[in-house]
Each structure stands twice: as structure tokens, then as C-alpha cells.
Amino acid sequence: SEAMFAIMSTMAQEESRHISENVRWTFQKKMQEGYDFLTTTRFLGYDRDPETGGLKINEEEAEVVRLIFDMYINGITQRCIAETLMEHGYKTSLGSPIWNPKKVQIILINEKYAGDCLLHKEYNDYSTGSRRVITNRGEKDSYYVKDGHPAIISREVWDKACALRKE
């Protein structure tokens, strides 16, 4: 009975690995085709359109995103932007009134606000037995989808913000 259990266990593990590889291959193929894997749960400025399944701009939240970019390209620091947002009562993507420079930075470096999307920025690793999210630094292929959804900020504003960050 132990031998039979070992054989069945090995077969189940092999089938699980095979299913995992198929799912991974499917995601890889969809990324190559530019399929949109964006979530809107914690994504300031966008909602999921229930009719099309695509992204639509949430104008109330998009106003905050535009304000952040406008202030930044006009030379205002991330700390001052965060303080200004709190003073005016703007909320984060989670509905919190607390802003900090890191939250502002996350918005400023997110290409999605220009209508683009970098797919496979992170990946899951289960080699230790539990799930770890790892930043993709070239270990896996990534794909850049340009103009894949409506942009909140113009390409010109995005390019200026990128140039300022590089300085």
C-alpha cells in the first residue's frame, strides 16, 4: 500500500506540474499578443468597464493623477505633492487620506497612466514551498504594450516626468 501511495503521489505531482506549465504557457502567449492583465482594485484613476471588460477612466480619481503629474513636472517634490494632497483631502487608491512620497512616486513611475502597460513586471516563485512575488529583472520575458488602454495623462507629460526622474 505504501508503494501504491508513492506511485499515486508522484503521478499527482507530475500532473500538477504539467497543468502549471500549461497555465504559464497560456499567460505567456496572451502577454505576447498584448492581452490586458490589468487589475483595478488598487489602481487610482481607472475602473473596470462592466460592459467591455476593459479599463475606463474614473474622472474623479484621474483628477488626482493629473494633479500629481502637473505638480511634478512643475518642479514640486514628491514630499510637497503628498502634503498638498493631504491638505486638500484627496484619497489614495485604497481610500486613505494619508499620502507619502512613496505613494506619489509609485504613481509617477507607472506607465499605465500614459496608456501603456509593461506585462510581467513581477512573477510568482513557489520553489520554497510558499508563494513569493519577485520583481522581474530579466529572468522572464516581459512585454510592453503601447496605447493598450485610455491614457489619463498625455504622452508629452509622461515623457517630461520620465526625463525629470532621470535627472
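Tutor: Rings of Phe, Tyr and Trp, the last by its six-membered ring, count as a pair if their centres lie within 6.5 Å. By this rule the count comes to five aromatic pairs in this model, which is predicted. One aromatic cluster is formed by Phe 43, Tyr 46, Phe 69, Tyr 113 and Trp 158.

Trp 158 has the charged end of Arg 165 over its ring, 5.4 Å from the centre. Phe 69 belongs to helix H2, residues 59-73, and takes part in a helix contact. The partner is helix H4, residues 101-108; the two pack at an angle of about 95 degrees, with their axes 10 Å apart. H2 and H4 are therefore roughly perpendicular to each other. From H2 the contact uses Val 65, Ile 68, Phe 69 and Tyr 72, and from H4 it uses Val 104, Ile 107 and Leu 108. These residues divide into seven nonpolar, no polar and no charged.

Another ring with a charge over it is that of Tyr 123: the charged end of Lys 140 sits 5.2 Å from its centre. S4 and S5 form a hairpin with six residues between them, and Gly 129 in the turn has a positive phi of about 100 degrees.

How values were computed
Residues numbered from 1 in each chain as written. Predicted model: local features only at pLDDT ≥ 70, side-chain atom pairs only at ≥ 80, totals over all residues. Heavy atoms only, no water. Phe/Tyr/Trp six-rings, centres within 6.5 Å; stacked < 30°, edge-to-face > 60°. Lys NZ or Arg CZ within 6 Å of the ring centre and 35° of its normal. Axes fitted to C-alpha atoms, helices over the stretch in contact; angles between N-to-C directions. Helix = DSSP H or I, 4+ residues; strand = E, 2+ residues; numbered from the N terminus. Parallel < 35°, antiparallel > 145°, perpendicular 65-115°, else oblique. Contact = heavy atoms within 4.5 Å. Nonpolar A, V, L, I, M, F, W, Y, C, P; charged D, E, K, R; others polar. Pairing = 2+ DSSP bridges.
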